[in-house]
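Student: I have a chain to go through. Could you take my questions on its fold one at a time?

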Amino acid sequence: MNSTDPASGSSWFSCRIRFAHMTSGSNVLLYSVSVFLFQADDYAAGLHMALARGRREEKIYTNAEGGTARIAMVEVEALDMLDAIEDGVEVACVWSDDIVPNPFPMDFTFQPAASEPTNSV
């Protein structure tokens, strides 16, 4: 069985979970959204697994400034049963909240091969 093949009777699911990030002594609240893939037998089991996965990300710790930082799961925003997963399938697309005037002409040539990606994990 390939890692992309679901276990017998299971389906692949994608969930999108919103987290709140807060720090003591600060009135700043930040949100992040994470996408997770997993296998489940049905939507009820999928929601249970999504909630369990989100809870594993929750933490309270001392930050670099000596304050208390907290990451809390706010909600499971989406839970989707996926079709068969193929190599290279898109699992998330995040649109920017920025709306700015477009500085590029329609025929502008972007240079994605010059990318220097960071490791996000």
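Student: Of the contacts in the protein chain with a separation of 6 or more, what share do residues 24 or more positions apart account for?

Tutor: This is a predicted model, so keep that in mind for every value that follows. Contact here means heavy atoms within 4.5 Å. Among contacts with a separation of 6 or more, the share from residues 24 or more positions apart is 57%.

Student: Which pattern does the protein chain follow along the sequence?

Tutor: The chain holds one helix and four strands. Read along the sequence, they give the pattern β-β-α-β-β.

Student: What is the order of the strands in the open sheet?

Tutor: The sheet has four strands, with antiparallel pairing. Its edge strands are β2 and β3 (59-62), each pairing on one side only. Neighbouring strands are turned by 25° against each other on average, direction ignored. Across the sheet, the order is β2-β1-β4-β3.

Student: Helix α1 packs on the sheet; what angle does its direction make with that of β4?

Tutor: Helix α1 covers residues 43-57. The helix touches β1, β2, β3 and β4. Its direction and that of β4 make an angle of about 160°.

Student: How many bridges join β1 to β2?

Tutor: The two strands run antiparallel. The number of bridges joining β1 to β2 is 12.

Student: Which residue in β4 is the bridge partner of His21?

Tutor: β1 and β4 pair over 11 bridges, in the antiparallel sense. Lys59 stands opposite a residue of β4, Ile71. The bridge partner of His21 in β4 is also given as Ile71.

Student: Which residue in the turn between β3 and β4 has a positive phi?

Tutor: β3 and β4 run antiparallel, joined by four bridges. Tyr61 stands opposite Ala69 in β4. The two strands form a hairpin with five residues between them. In that turn, a positive phi of about 90° belongs to Gly66.

Student: What is the relative accessible area of Phe36?

Tutor: Phe36 is found in strand β2. Not counting residues up to four places away in sequence, Phe36 touches Phe13, Ser14, Cys15, Ile17, Phe19, Arg53 and Glu57. From C-alpha to C-alpha, Phe36 and Ile17 are 8.1 Å apart, and 19 residues apart in sequence. Phe36 counts as buried, because its relative accessible area is 13%.

Student: Is Asp41 buried or exposed?

Tutor: Asp41 sits in the loop between β2 and α1. Leaving aside neighbours within four places in sequence, Asp41 is in contact with Gly9 and Ser10. Exposed means over 50% relative accessible area. Asp41 has 53% relative accessibility, so the residue counts as exposed.

Student: What share of the residues of the protein chain count as buried?

Tutor: The chain has 121 residues. Over the protein chain, the buried share is 19%.

Student: Which element gives the most to the lining of the largest pocket?

Tutor: The largest pocket is lined by 13 residues, and Arg16, Val33, Glu77, Cys93 and Val94 lie nearest its centre. The elements giving two or more residues to the lining are β1 (11-23), β2 (29-40) and β4 (68-81). With four residues, the element that gives the most is β1.

Student: How many residues of that lining are charged?

Tutor: About 260 Å³ of space lies in the largest pocket. Its lining has eight nonpolar residues and one polar residue. The number of charged residues is four.

Definitions and conventions. Residues numbered from 1 in each chain as written. Predicted model: local features only at pLDDT ≥ 70, side-chain atom pairs only at ≥ 80, totals over all residues. Heavy atoms only, no water. 1 Å grid on protein atoms, 1.4 Å probe; cavity = no way out; pocket = protein on both sides within 12 Å on 5 of 7 lines; lining within 4 Å. Points joined across faces, edges and corners; volume = space filled by probe spheres on them. Nonpolar A, V, L, I, M, F, W, Y, C, P; charged D, E, K, R; others polar. Pairing = 2+ DSSP bridges. Axes fitted to C-alpha atoms, helices over the stretch in contact; angles between N-to-C directions. Buried < 20%, exposed > 50% of the residue type's maximum accessible area, 1.4 Å probe, protein only.
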